[in-house]
Amino acid sequence: MRPSTAIPTEVLARSDVREAIEAHDFGQLFYLVRKWAGISYNRIAEACDIKSSRISELARGEGAITTLTKIEKVADAFRIPGYSLRLAPRPWESSPEAACVFPGHTPPRHVPIFSDEARGDKYVEAIRETSRRLVALDNDLNGLPIAATAARAFKAVHRRLGSGEPEPKYERDIQAAAAELAEVAGWALFDAEEYEAAHRFNQQALFLARMSGDRTIELLILQNMGMQSGWLGRPREEMAIARSILDRGNLSPRVEAIFRTREANGLFASGRMTEAAREFARARALIEEGTRNSDPSWAWWISIKEINGHEAAGFQNSGNWSSAISLLQENLHCQNGPRVGYQSMSSARLLGSFLEEKAWLEAGELLESIIPTVSEIGSVRTRNLLRGTVAIGERKAKIPESLRDALHGVSEAMQEDPYTL
């Protein structure tokens with residue numbers, strides 16, 4: 001029997017509801033369920049075994065749900081399939097009532113991507129499901145390293161494509177799915193600081209996206225390539241990629257926002273601060289327009305926090321530590337928004353800014369929150385940024401001894417054997 005709090009199909013189909021689910025933003029989800037499905041906070045509280053006052057707080061953006069048990073209760077109360085919340089299949093999913101699935105997504109098929117039995121549309125779905133699972137792992141907790149797995153998965157698909165094995169009827173669909181998988185591998189390799197390999201996979205992803213005619217995934221690949229160019233100190237290249245897309249027009253607000261951010265990064269690095277500030281402001285205004293049905297599925301991670309992080313990096317690179325601090329603090333204090341595996345980067349950058357501003361007390365308090373989870377950070381870029389920040393801090397002459405000890409504690413935590421419990 002379906003519970004009275006099960007979300008109707010037409011509500012699950014809304015882009016704002018899908019975004020809240022994908023981001024694990026349960027406060028926003030509660031608000032939207034009451035707004036669009038008419039389910040009261042009291043009914044939600046009873047079904048999810050959470051106090052009504054707590055539901056109201058979460059809906060106002062105060063706090064977050066992070067425990068597995070509570071997430072499972074929300075999934076069961078709203079009848080959200082496990083895969084859409086990165087959970088194992090729920091017990092009720094095998095019953096007839098599970099016919100109402102998460103719209104816009106196909107439930108995972110248990111067809112191994114390397115199996116000879118996968119053909120046609122089943123093979124397409126197996127590739128896409130591999131990409132979804134990899135992205136979920138990349139963004140779970142502090143991010144799990146997926147670069148090697150993603151690269152191997154794509155190579156298996158690439159081999160089958162090269163052999164001429166796919167049926168002509170499904171070839172373009174397989175190319176599009178393969179382009180998405182290559183993009184995931186390219187991103188993961190970039191985050192693992194395997195830059196040459198990331199470039200190769202991005203190029204292959206772009207080739208396959210264009211072969212298949214999938215402009216949506218082409219946009220994601222190009223913004224990734226722009227980001228990598230900027231990270232590696234090629235701001236003009238980042239700007240050129242961004243402008244080539246912006247000049248095309250016909251972009252959804254959030255997609256335009258991320259390319260405006262890429263352009264702003266290039267302007268900032270080129271010393272054109274006023275123009276960069278204007279582009280960052282335009283990007284924020286576009287985000288504030290909200291989600292649209294025209295948003296591609298990959299745009300879930302584009303948020304104000306993402307823009308803040310990029311602008312803060314620009315301020316740091318120009319030595320404007322105080323401006324960076326205000327943006328990074330806003331990111332850390334905001335509990336809403338999508339969860340990404342590299343979110344600890346804001347903490348690493350904020351620590352560096354505090355140390356440069358000699359804000360010893362604030363740096364010490366931040367270190368207390370960093371140390372317990374530092375060994376769990378999966379993003380190589382984030383770990384290396386934090387490692388460099390700590391090294392700079394330890395070399396400072398007049399730093400308080402207690403803060404120096406805390407920095408040393410981070411260094412030790414980063415050197416821990418990952419298999420030690």
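This is a predicted model: local features need pLDDT of at least 70, side-chain atom pairs count only at pLDDT 80 or more; totals for chains, interfaces and linings use all residues.
## Salt bridges and nonpolar cores

E279 forms a salt bridge with R260, and the closest N and O atoms of the two side chains lie 3.3 Å apart. This pair links distant parts of the chain: E279 belongs to helix α14 (residues 273-287), R260 to helix α13, and 19 residues separate the two. Both E279 and R260 are buried.

R243, E256, R260, E263, E279 and R282 are linked in a network of salt bridges. In total, the structure holds 23 salt bridges.

A further salt bridge joins R254 to E19, with 2.9 Å between the closest N and O atoms. Here too distant parts of the chain are linked, since R254 lies in helix α13 (residues 253-269) and E19 in helix α2 (residues 15-22), 235 residues apart. Is R254 buried or exposed? Its relative accessibility is 5%, and because the limit for a buried residue is under 20%, R254 counts as buried.

A local example is provided by R54 and E57, whose side chains meet in a salt bridge at 3.4 Å, N to O. Both residues lie in helix α5 (residues 52-59), where they are three residues apart, about one turn of the helix. R54 has a relative accessibility of 29% and therefore counts as partly exposed. E57, with a relative accessible area of 28%, is likewise partly exposed.

The largest nonpolar core comprises 92 residues, of which F259, W298, W301, L351, V374 and L386 touch the most other members. Helix α9 (residues 171-191) gives the most to this core, contributing 12 residues.

Which residues does F259 touch, if those up to four places away in sequence are not counted? They are L219, L222, Q223, A242, I245 and L246.

Definitions and conventions: Residues are numbered from 1 along each chain as its sequence is written. Side-chain values use heavy atoms; hydrogens and water are left out. A nonpolar core is a set of buried Ala, Val, Leu, Ile, Met, Phe, Trp, Tyr and Cys residues joined through side-chain atoms within 4.5 Å. Buried means under 20% relative accessible area, exposed over 50%, partly exposed in between (1.4 Å probe, protein chains only). Helices (H or I, at least four residues) and strands (E, at least two) are DSSP runs, numbered from the N terminus. Contact means heavy atoms within 4.5 Å. A salt bridge is a side-chain nitrogen of Lys or Arg within 4 Å of a carboxyl oxygen of Asp or Glu.
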